[in-house]
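This briefing covers a single protein chain, with its confidence, sheet, helices, ligand shell and selected loop residues taken in turn.

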Amino acid sequence: MAEFASCAIAGDEPVDDPADLAKEYPIVEIFHSVQGEAFHAGIPHVFIRFGTCNLRCEWCDTDFLTYSTMTALDILGEVMKYDCKRIIFTGGEPMLHDLWPLHRLLKGRNYNLSVETNGTIEIPDGLLDWVCVSPKDQMYPDVKIKQRTGDELKCVYVGQDLTMYDDLRQGFKHAFLQPCYMDAESIEWNGKNFAETEAVVKTNLGWRLSLQTHKWMGVD
Ligand code: SF4
């Protein structure tokens, strides 16, 4: 680790702020995979999954309470193992954490940074290259969506009236509707959700269907 830090300072790599390198984050996992859903489906990314979340969605498939503390230097070392310049911050809820130290370290190395967030925390301008908000207010009507602009809005369909997004949608370039998929449920249960979501997309202009193809492939 010390070797890595001195490399970063001595060569033609960016000169990093020691405080940025020492910043600690709760990390569930870091892995290289193909984005399976929504706008960037099919494109390889390195996923950094943060621990902790401020919501508890019933379909959540992430054990975000089981994590290790990693420094930004540890994270950088892990990310740089992969020949991939696209990163997705996911969770859990990544915006619970100060991402500026990671931003500085990764942007200094020409990484493209995306986030998948539940939208309950406002994102500072310039922090990220791509913002995907996946609001959960269909389950939590009292939860205010504070991040009201971004690149893609990705909503899990559980039978809600899509007019609830009429205002929110204005702030996003793309709108995706995704069937609620639960590993623990039967093929029939999930298939019914697929069919209902497809039917809703066909009759609601401006929405695109997003499928979690990585789940069919059995990858993260
Ligand atoms: S907001 Fe996302 S990470 Fe948090 S509980 Fe809901 S699905 Fe899980």
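Where is the place of E122? E122 sits in the loop between β5 (112–117) and β6 (130–133); helices (H or I, at least four residues) and strands (E, at least two) are DSSP runs, numbered from the N terminus. The model is predicted: local features need pLDDT of at least 70, side-chain atom pairs count only at pLDDT 80 or more, and totals for chains, interfaces and linings use all residues. Residues are numbered from 1 along each chain as its sequence is written.

**Confidence**
- The average pLDDT of the chain is 90, and 92% of the residues score at least 70; pLDDT is the predictor's confidence in each residue, from 0 to 100.
- Over residues 1–10 pLDDT stays under 50, and the model has 10 contacts beyond four places in sequence for them.
- Two residues are in contact if their C-beta atoms, placed from the backbone, lie within 7 Å.
- Where pLDDT is low, the predicted coordinates should not be read in detail.

**Sheet**
- An open sheet of 9 strands has the order β3-β1-β2-β4-β5-β6-β7-β8-β9, with mixed pairing.
- β3 (68–71) and β9 (208–209) are the edge strands, each pairing on one side only; two strands pair if DSSP finds at least two bridges between them.
- β1 and β2 run antiparallel and are joined by 7 bridges, and F31 stands opposite F47 in β2.
- β2 and β4 run parallel, joined by 4 bridges, and R49 stands opposite T90 in β4.
- β8 (residues 172–179) and β9 are likewise parallel, with 2 bridges; L177 has L209 in β9 as its bridge partner.
- Of the 7 residues of β2, 6 are buried, which leaves the strand mostly covered.
- A residue is buried if 20 or more other C-beta atoms lie within 10 Å of its own, exposed if 12 or fewer, and partly exposed in between, with C-beta atoms placed from the backbone.

**Helices**
- α3 lies across β1 (24–34), β2 (44–50), β3 and β4, and runs at about 10° to β1; axes are lines fitted to C-alpha atoms, for helices over the stretch in contact, and angles run from 0 to 180 degrees between N-to-C directions.
- Helix α4 (residues 100–107) has P101, L102, H103, L105 and L106 as its buried residues.
- These buried residues of α4 pack against α2 (18–22), α3 (72–79), β4 (86–90) and β5.

**Ligand shell**
- Around the ligand are C53, L55, R56, C57, C60, T62, F64, G91, G92, E93, N118 and K136, a residue being near a molecule if its C-beta atom, placed from the backbone, lies within 6 Å of it.
- The shell has 5 nonpolar, 4 polar and 3 charged residues; Ala, Val, Leu, Ile, Met, Phe, Trp, Tyr, Cys and Pro count as nonpolar, Asp, Glu, Lys and Arg as charged, and the others, Gly among them, as polar.
- The peptide bond from G91 to G92 is cis, with omega near 10°, and G92 belongs to the loop between β4 and α4.

**Loop residues**
- E122 counts as partly exposed because it has 13 C-beta neighbours inside 10 Å.
- Beyond its neighbours within four places in sequence, E122 is in contact with K146 and Q147.
- A38, in the loop between β1 and β2, has a positive phi of about 60° although it is not a glycine.
- A38 is buried because 23 other C-beta atoms lie within 10 Å.
- T52, in the loop between β2 and β3, also has a positive phi, near 75°.
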